[in-house]
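Hi,

Here is the structure I promised to pass on. Have a look, and my notes follow below.

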Amino acid sequence: VKGLAPLGRAANLLADAGIDSKTLQKFVASKPDHQQTVPRYYIIDESSMVDTQGMHTFLQRVRPIDRVLQVGDTAQHHAISAGAPFLQMQLAGMHTPVIDDIQRQKEPGLRTVVKTLAQGNTREAVDLMITQGRVIEIADDRKRMQAIANDYCARPNALVICLRNAEREEQNQLIHSALQRAGKIDPEDHRTTIYISQSFTKEERKYAGAYSIGDHIQYGKGSKEHGIKAREYWEVVEIDPVNNKLTVMSDDGREVKYDPKRLSGVSVYRGEERTFSIARRIQFRAPLGEKRISTNELGYIEQIDGQHMTIQMDDAKQRQVIIDLDRYKHIDHGYAVTSMSSQGLGE
């Protein structure tokens, strides 16, 4: 039995259940084991978030003796990239048992609300929540976000969900300040530079004009021609959109000019200053394989020693990890998360 999922956190939950699991992306990127003759039973969790290309590549790897179980909800988040193969397979006749017995919500009133939402009766569900006193409406954005921050101080195990990253960053700062005023986290701030992912499409990565001076580019496969190693970070120092050329500089000062169409398998980040303090909740914004940390995992800062941060992971094993902020800069405040990042956090 092999567990697969498009999100690292979902794959970890499968692993916590005792299933040998990894992300779907890691599986399709690995070399197939042609010597394996034992039938495999693949369980794909969060299947609605798998795009067409990912599903196609996976199914090409499946042998006639293997079996596949897809688990998911077509009414939840879809894939970021194109396609909805999980829904298309169901519409094409894939055998689909439906689990409609609500397990998570135990309180009768909330259980009724969730059941009503599941049936697609949104207006009726909202009316029920208002009647039950579950809705607080504050029209002014700033006042609403400050009220959320104050409420979080009273209930620090709450999950704050925002629709946009800009809103998430502002909400996190307000919560941080409120917790410091309340004396619930260390008042001393430690400032460092983090990397914020830029939402480049596959096509945008091919054009120099899409980049900005100061962007940090991580190369997935690297380039022998230009002396760029896989997973290295280089900074954009010059842009020539007319000739479609980028000039990037390594940490040791070496510069390389190239056509981004030839090296488009990259991730692009912008550097931003952030302040962190002990007892603060943080979120990992990119995987850290050597520490077995997946994107969007959460943790609490236990100690800060220069550029080294000791973090208590918020997972089933409550692991303690130490990260070097000179080498890994993909962390951010973790009180508020986006809706996409929250997938699986209520498990």
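**What I found**

R292 is exposed, at 54% relative accessible area (buried means under 20%, exposed over 50%, partly exposed in between, with a 1.4 Å probe and protein chains only). R292 sits in the loop between β12 (281-284) and β13 (298-305), and its phi is positive, about 55 degrees, although it is not a glycine. R231, in the loop between β7 (216-219) and β8 (233-240), also has a positive phi, near 75 degrees. For context, most residues other than glycine have a negative phi.

Before going on: this is a predicted model, where local features need pLDDT of at least 70 and side-chain atom pairs count only at pLDDT 80 or more, while totals for chains, interfaces and linings use all residues. Residues are numbered from 1 along each chain as its sequence is written, and side-chain values use heavy atoms, leaving out hydrogens and water. Helices (H or I, at least four residues) and strands (E, at least two) are DSSP runs, numbered from the N terminus.

Now α5 (residues 108-118): its buried residues are G109, V113 and T116. They cover an arc of only 65 degrees around the axis, so they lie on the same side of α5 (the arc is that of the directions from the helix axis to the C-beta atoms). P108 and A118 are exposed on the other side of α5. At the N-terminal end, E107 caps α5, with a side-chain oxygen 3.1 Å from the backbone nitrogen of G109. After α5 comes G120, with a positive phi near 90 degrees.

Finally, L69 is in strand β4 (residues 67-70) and is partly exposed, at 35% relative accessibility.

Cheers

Technical notes. A polar contact is a pair of N or O atoms within 3.5 Å; within protein, one must be able to donate a hydrogen and the other to accept it, and residues adjacent in sequence count only if both atoms are side-chain atoms.
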